[in-house]
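Reader: Could you walk me through how to read a structure like this one? I would like the general idea, and then the case at hand.

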Amino acid sequence: MNNNLFAALRAAFPAELHSVAIETADTPEPLYYTWRDIERGTAMLANLIDSLNLPPDSRIAVQAEKSVEALMLYLAVLRAGHVFLPLNTAYQAAEIGYFISNAEPAVVVCAGKNFGWVSKAAFLSGTAHVFTLNEDRSGTLLDRAAFHSDQHQVAVRRGDDLAAILYTSGTTGRSKGAMLTHANLLSNAQVLKDFWGWTDAAAKGRQDVLVHALPIFHVHGLFVASHCALLSGARMLWFSRFDARATVARLPEATVFMGVPTLYVRLLAEPGFTREACRNMRLFVSGSAPLLIETFNEFRERSGHTILERYGMSETVMLTSNPYRPESARRGGTVGLPLPGVQLRVRDDKGGPLGDSEVGGIEVKGPNVFKGYWRMPEKTADEFTTDLWFKTGDVGRVDASGYVTIVGRSKDLIITGGYNVYPAEIEGFVNELPGVAESAVVGVPHPDFGEAVVAVVVARPGATPDAMAIVAQLKSQIAAFKVPKRVFMVTELPRNAMGKVQKNLLRDEHKALFAA
Ligand code: AMP
């Protein structure tokens with residue numbers, strides 16, 4: 001039996017291989033890739049990889065702009081039985097140098113414009129093959145693949161063989177390579193496909209169409225979005241980058257959209273985003289960062305759709321989801337219930353159990369949970385309990401009906417004068433104040449309290465809330481130790497490509513605020 005993830009995806013391609021699998025939405029002219037094109041393209045790339053005679057489990061590191069060919073390269077690496085290692089396109093020389101020296105890939109694929117410095121780092125680490133792949137489909141990778149056969153026998157893999165290594169965005173210390181197996185990815189993809197009704201749509205005779213506008217170096221765009229569509233034989237409308245207006249223009253043809261919260265905020269800022277534009281949509285999924293309750297409510301109001309928020313991470317793929325049906329069971333501010341097959345519990349600092357709605361560290365178990373951190377056995381051991389639950393590093397609570405709410409990352413927890421302050425709680429209060437659009441609360445060193453609470457606040461357009469007034473209003477609502485000692489007004493919060501607020505940057509910026 002072949003447990004290669006690619007074999008399962010391939011088996012789900014529709015019988016009509018000549019139908020369109022992916023249509024590009026922002027290339028100068030639309031490009032149409034049929035299922036046969038995906039089959040042939042991945043075969044040629046897999047044959048190229050085979051021709052390099054790489055040792056088993058070789059890592060193939062890819063830093064390339066989003067393109068259908070880059071997706072095919074991912075599929076071809078699976079198909080050839082090696083390990084895919086995607087790298088954020090924003091990474092610069094020092095970061096790439098670290099990933100390459102840590103992962104020791106056999107092959108590196110990069111943009112032609114970066115070939116000079118990437119190949120230097122690669123060759124220094126003993127990588128023998130560096131190919132280029134550009135957004136416009138030029139580069140040595142495809143040139144070389146063109147000489148290979150379009151017939152390829154899918155490599156046989158066991159379920160627990162490695163399929164991918166995802167380096168965590170790691171804001172403290174070095175980022176770690178999460179090792180995901182074929183079984184991790186396939187089990188999660190199958191659960192999501194069923195849970196989010198992908199089969200239902202086909203059964204009704206209506207084929208799903210996914211707007212794919214997320215980057216493909218991250219779990220959300222690469223695994224969640226692509227796998228759901230491929231495993232359902234659904235068509236993708238492929239955006240190399242998100243553009244609210246262009247997305248709205250194509251929404252009437254689509255049934256599913258997946259986005260990080262920032263994308264939802266941008267859709268709402270687009271006047272053309274109306275109920276009419278969403279008339280054929282059946283599902284909007286949000287994740288990777290917390291969705292503000294205001295966005296959740298405003299979206300429902302505007303579109304008539306309730307965003308389904310889910311929660312997961314590189315190490316575990318998806319863990320929880322709000323219900324698909326009934327739509328009314330989707331609760332804003334929560335990430336829903338553990339997905340089928342996932343076990344989730346909340347523990348106190350000492351690993352002891354907690355009751356309903358008590359806040360603690362979230363721990364999980366399931367077929368989706370990764371194998372460990374690449375070449376970091378001690379770090380891996382630290383992150384699992386003795387009874388083998390993975391400590392996610394997220395802090396949250398589970399209410400009596402099983403809904404999970406994320407309160408923050410454990411490393412973002414602020415301890416001020418011995419009291420624990422959960423940033424998400426304070427942000428919730430700040431965001432409710434008049435004139436406030438959003439906020440981020442962080443802890444910075446303080447000579448008396450250990451840490452002090454600081455809030456960084458973005459005003460609503462046209463509003464000018466006053467920092468002192470914010471402090472005064474909070475004083476009447478929450479305990480004094482939770483009230484920010486300082487409030488800074490900014491025009492926007494620093495975010496990474498996945499829409500996560502980079503609290504480490506804020507902590508850095510304000511670290512000397514209370515220096516003695
Ligand atoms: P990454 O490994 O880059 O996907 O980051 C995973 C982290 O993103 C999780 O551990 C959470 O802290 C955060 N995250 C993902 N989804 C959500 C969500 N729906 N709400 C809040 N935080 C989330």
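Author: What follows goes from the ligand site to helix packing and then to the backbone. Please keep in mind that this is a predicted model.

Reader: Happy to. Let us begin with the ligand: which residues come nearest to it?

Author: There are 16 residues around the ligand, and Glu309, Arg310, Ser314, Asp394 and Lys500 come nearest.

Reader: Which strand gives the largest share of that shell?

Author: Strand S13, residues 308-313, supplies 5 residues, the largest share. Sorted by class, the shell holds 6 nonpolar, 5 polar and 5 charged residues.

Reader: Now the helices. What describes two packed helices?

Author: Two numbers do the work: the angle between the axes and the distance between them. Take helix H4 (residues 93-103) and helix H5 (residues 115-124), whose axes come within 9 Å and cross at roughly 30°.

Reader: Would I call H4 and H5 parallel or perpendicular?

Author: Angles under 35 degrees count as roughly parallel, so H4 and H5 are roughly parallel to each other. Their crossing is right-handed.

Reader: And how do helices H7 and H9 cross?

Author: Helix H7 (residues 182-195) and helix H9 (residues 219-231) have axes that come within 9 Å, crossing at roughly 70°. H7 and H9 are therefore roughly perpendicular to each other, and the crossing of this pair is right-handed.

Reader: At what angle do H11 and H12 pack?

Author: Helix H11 (residues 261-268) packs on helix H12 (residues 293-303) at about 45°, with the two axes 10 Å apart. That angle makes H11 oblique to H12. H11 passes H12 in a left-handed crossing.

Reader: Let us finish with the backbone. Is the peptide bond from Arg325 to Pro326 cis or trans?

Author: Omega is the angle to read for a peptide bond. From Arg325 to Pro326 omega is near -10°, and the bond is cis. Pro326 sits in the loop that lies between strand S14 (317-321) and strand S15 (337-338).

Reader: What about Asp57: is its phi positive or negative?

Author: The phi of Asp57 is near 60°, a positive value in a residue other than glycine. To find Asp57, go to the loop between helix H2 (35-51) and strand S3 (59-63).

Conventions. Residues are numbered from 1 along each chain as its sequence is written. This is a predicted model: local features need pLDDT of at least 70, side-chain atom pairs count only at pLDDT 80 or more; totals for chains, interfaces and linings use all residues. Side-chain values use heavy atoms; hydrogens and water are left out. A residue is near a molecule or strand if one of its heavy atoms lies within 4 Å of it. Helices (H or I, at least four residues) and strands (E, at least two) are DSSP runs, numbered from the N terminus. Ala, Val, Leu, Ile, Met, Phe, Trp, Tyr, Cys and Pro count as nonpolar, Asp, Glu, Lys and Arg as charged, and the others, Gly among them, as polar. Axes are lines fitted to C-alpha atoms, for helices over the stretch in contact, and angles run from 0 to 180 degrees between N-to-C directions. Angles under 35 degrees count as roughly parallel, over 145 as roughly antiparallel, 65 to 115 as roughly perpendicular and the rest as oblique. A crossing is left-handed if the near helix is turned anticlockwise from the far one by less than a right angle, and right-handed if clockwise.
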